[in-house]
Amino acid sequence: MNTGIITSFVVSGILLLAILAMNLNISQSSSELTMRQVNQQNVNTVAELLSYDFPKIGYKQLSAINNPISVATANRIRFQADIDNNGSAGVVEWFYDTSSPVNKGSNPDDYILYRTVDGNQMALTFGVTSFNLSYFDEDRNAITAPVSSSNLDDIRFIQVNLTMETRELLGQRGGGGEYITSPWQKTFAPKNLSN
Amino acid sequence: MVGISEVIQTLGAMIIFSLILLTANRMIQTNTLKEVESEAEGIAIELAQSIIEEAQTKPFDANTVNGNIPSQIPQGFSSAGPGSTGDRNDFDDYDGYTDSFDTELTDPGTFAFNVNVQVSYVSPPNYDMASGSKTVPTMFKKMVVTVTSDYLRNNNQDIRLSYLRRYYKRDN
């Protein structure tokens, strides 16, 4: 066999390995992109629900609700609001239950976030790994959670910190991997909590 | 020399493949950048909206705090600008307000998102800040919240939200 053919075989071998590596890279990138998009979509779903409920704290179609917040802790808030705009106040609760792990997927850190409206409970099992509520008075001073019943009336702003992760690990070459994380944060200023 | 043409062909293939590889890498990098940038945009919008929503709950002017109504409207309104005490008690007290924020997207302590707020009196029909005034009262105040971040800088882009507020009083 002549040298030229041997050399071209070697170079082609290297070329094939490079193509294989590139294929793996593109596949990895594509998986990450898809998982991130799905995770971001899940964050948007929860954010939409939060953005629907929280601004309505204390709202009632024809009259105001006095003392609408009844429970305010770092992982639970219960309040009254005319969510359906039908003239009657309902009770809404958001509760992040760290004793209820989501048994779907391999992520060990996701727990169930419950949204309850007038007793109808909805379990959000999209991969919520952190849900933290902070409360502030009208001068933006933090009110320590859990908020005592005598301080519930002082709440004017509610900050929500939400982190969601994918249920499955994004594998990496050489072993291991990571869960894709998407954060969301917003401070709500419900109009009916202001004086 | 026998076989030299095969070597040349293989080298040609390698050059073509290198170009494809470069393009693919660029595509992967662009995708990753866009992912981070879109998350950063979301965070910046939420930050700006939070400030606007907070300001919405405050009285229109320092002279309308506690339900007071100036005898002359709009001449009775105060100049737009931060309050003397530094508190944000009314809508225009947010003028000049700046702050930096940490988010879950960034490392703690980096304060990667910077917020700047401007409030001015504006007039119809354009309600633009450029022709607005801090000292000549009108019935309208406009707030512009600008969020800047290194994570948005790839396209030299800031997130800017504005909110126009009109004074009204209820006749009893």
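## Charges over rings

Lys56(A) lies over the face of Tyr52(A), 3.6 Å from the ring centre. This arrangement is read from a predicted model. A second case involves arginine: the charged end of Arg76(A) sits over the ring of Phe95(A), at 3.7 Å from its centre.

## Aromatic pairs

A pair of aromatic rings is described by the distance of the centres and the angle of the planes. Over all chains, the count comes to 14 aromatic pairs. One of them joins Trp94(A) and Phe131(A), with 6.4 Å from centre to centre and 20° between the planes, and this pair is stacked. Trp94(A) belongs to strand β3 (residues 90-101) of chain A, while Phe131(A) belongs to strand β5 (residues 120-136) of chain A. The pair therefore links distant parts of the chain, 37 residues apart. Both Trp94(A) and Phe131(A) are buried.

Phe131(A) also pairs with Tyr96(A): the ring centres are 6.2 Å apart and the planes stand at 50°, so the pair is tilted. Because Tyr96(A) lies in strand β3 of chain A and Phe131(A) in strand β5 of chain A, this pair ties together parts that are 35 residues apart in sequence. Tyr96(A) has 4% relative accessibility and so counts as buried. For Phe131(A), the relative accessible area is 4%, and this residue is buried, since buried means under 20%.

## The ring cluster

Which residues do ring pairs link into a cluster? The members are Phe54(A), Phe79(A), Trp94(A), Tyr96(A), Tyr111(A), Phe131(A), Trp184(A) and Phe188(A).

Note on methods. Residues are numbered from 1 along each chain as its sequence is written. Chains are lettered from A and ligands numbered from 1 in the order in which they are written. This is a predicted model: local features need pLDDT of at least 70, side-chain atom pairs count only at pLDDT 80 or more; totals for chains, interfaces and linings use all residues. Side-chain values use heavy atoms; hydrogens and water are left out. Rings of Phe, Tyr and Trp (its six-membered ring) pair if their centres lie within 6.5 Å; planes under 30 degrees apart count as stacked, over 60 as edge-to-face and the rest as tilted. Helices (H or I, at least four residues) and strands (E, at least two) are DSSP runs, numbered from the N terminus. Buried means under 20% relative accessible area, exposed over 50%, partly exposed in between (1.4 Å probe, protein chains only). A charge sits over a ring if NZ of Lys or CZ of Arg is within 6 Å of the ring centre and within 35 degrees of the ring normal.
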